[in-house]
Amino acid sequence: MKIILFDIDGTLVNAGGAGARALNHAVEAMTGHPEACQSFQLQGATDKANFENAFRAGAGRKPSKKELAELTRRYVARLPAEVLASVKARKYMKVKGVEKFLGKLSGRRNVMVGLGTGNLKEGAFIKLEPSGLLKHFAFGGYGCDSHHRSLVLEKAVERASKIAGTEIKKGEVYVIGDTHRDVEAAKEAGYHSGAVLDGFGDEREIMRSNPELIARNFSDMSPWFIWLGLEKDPKGVRRGTYICPDSPIEHAHYGRTGADLKDIDDRMKQLRNAKRKVTGR
Ligand SMILES: [Mg+2]
């Protein structure tokens, strides 16, 4: 069984700032502050954390439990209108290739596709509605499950396990996101991690977080399928020779460095020959 968890914002869709606008609207209604979301980094955090930060930016203090509940209610009530506004302004977009990729994954046996997102469950569904992608997701972990993204992912896996009626090993879980926070959460939970660069993440921070696979988007599906272990690498990487043998990681390593161990061996031989010429031994 393979469990593949997708982040939403920047990984599946770009909702054209609908979430930030809805949150700004909710904070303004409660505190009078119009642009609360401009003062902190929304991307890659859970909604819960973002709501607290936004309220703090507006009111200058932490929200009470009651205030947080009201902020959440106002956000969810406003979000459909903001998503619709993005669609109308043609600012709502699917990440390139994602529809086809999900279609192919959904047709596979022993593959379960779910959400692993910082969005509240309701917010997740509202944001995905215009994309037509919702049909691919039978379960998920959401921002309402926890502040911590790694716990959100674990919750998704727990739900997948219930649906599948079988235990799921950590090595069977693949997390796809668009920020270093997605990658870090996946690693914290002990899952595989892949990242797209076409989302909201900072490219250098994504590189630094060192996911197993980095791709622009899903327009070329083959690196993704190889990483997932669903396709063989046509370049024929030698199996069982990497640090983590016989796993998708070696493919990801190959994809990122372009270097098979054979290439490295060959270059070492060239170097030794060159050294012999210089030193005479
Ligand atoms: Mg994202």
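**Exercise 1.** Decide whether Asn110 counts as buried or exposed in this predicted model, and then describe the backbone at this residue.

*Solution.* Begin by counting neighbours: Asn110 has 9 C-beta neighbours inside 10 Å, and because a residue with 12 or fewer is exposed, Asn110 counts as exposed. Finally, turn to the backbone: phi of Asn110 is near 65°, which is a positive value in a residue other than glycine.

**Exercise 2.** Carry out the analysis for Asn210, stating in which loop Asn210 lies and how Asn210 is classed by its C-beta neighbours.

*Solution.* The loop that holds Asn210 runs between α8 (203-209) and β8 (213-215).

**Exercise 3.** Work out how β4 is placed in the structure, and which strands are joined to β4 by bridges.

*Solution.* First consider burial: 5 of the 6 residues of β4 are buried, so this strand is largely enclosed by the rest of the structure. Then take the pairing with β1 (residues 2-6), which runs parallel to β4 and is joined to it by 5 bridges; within this pairing, Lys2 has Val111 of β4 as its bridge partner. A further 2 bridges join β4 to β5 (residues 140-141), and these strands also run parallel, with Leu115 standing opposite Gly140 of β5. To follow the chain from β4 to β5, trace it through helix α5 (residues 121-128), which gives a β-α-β crossover that is right-handed.

**Exercise 4.** Identify which residues touch the most other members of the largest nonpolar core, and list what Ile4 is in contact with beyond its neighbours within four places in sequence.

*Solution.* The largest nonpolar core holds 64 residues, of which Ile4, Leu5 and Leu153 touch the most other members. This core draws at least three residues from each of domain 1 (2-12 + 94-231) and domain 2 (17-88). Once its neighbours within four places in sequence are left aside, Ile4 is in contact with Leu105, Val111, Val113, Tyr174, Ile176 and Leu228.

**Exercise 5.** State how many helices and strands the protein chain has, and what share of its residues is buried.

*Solution.* The secondary structure of the protein chain comes to 11 helices and 8 strands, while buried residues make up 44% of its 281 residues.

How values were computed. Residues are numbered from 1 along each chain as its sequence is written. This is a predicted model: local features need pLDDT of at least 70, side-chain atom pairs count only at pLDDT 80 or more; totals for chains, interfaces and linings use all residues. Helices (H or I, at least four residues) and strands (E, at least two) are DSSP runs, numbered from the N terminus. A residue is buried if 20 or more other C-beta atoms lie within 10 Å of its own, exposed if 12 or fewer, and partly exposed in between; C-beta atoms are placed from the backbone. A nonpolar core is a set of buried Ala, Val, Leu, Ile, Met, Phe, Trp, Tyr and Cys residues joined through C-beta atoms within 7 Å. Domain bounds come from an automatic or database domain assignment. Two residues are in contact if their C-beta atoms, placed from the backbone, lie within 7 Å. Two strands pair if DSSP finds at least two bridges between them. A crossover is right-handed if, with the strands pointing away from the viewer, the path from the first strand over the helix to the second runs clockwise.
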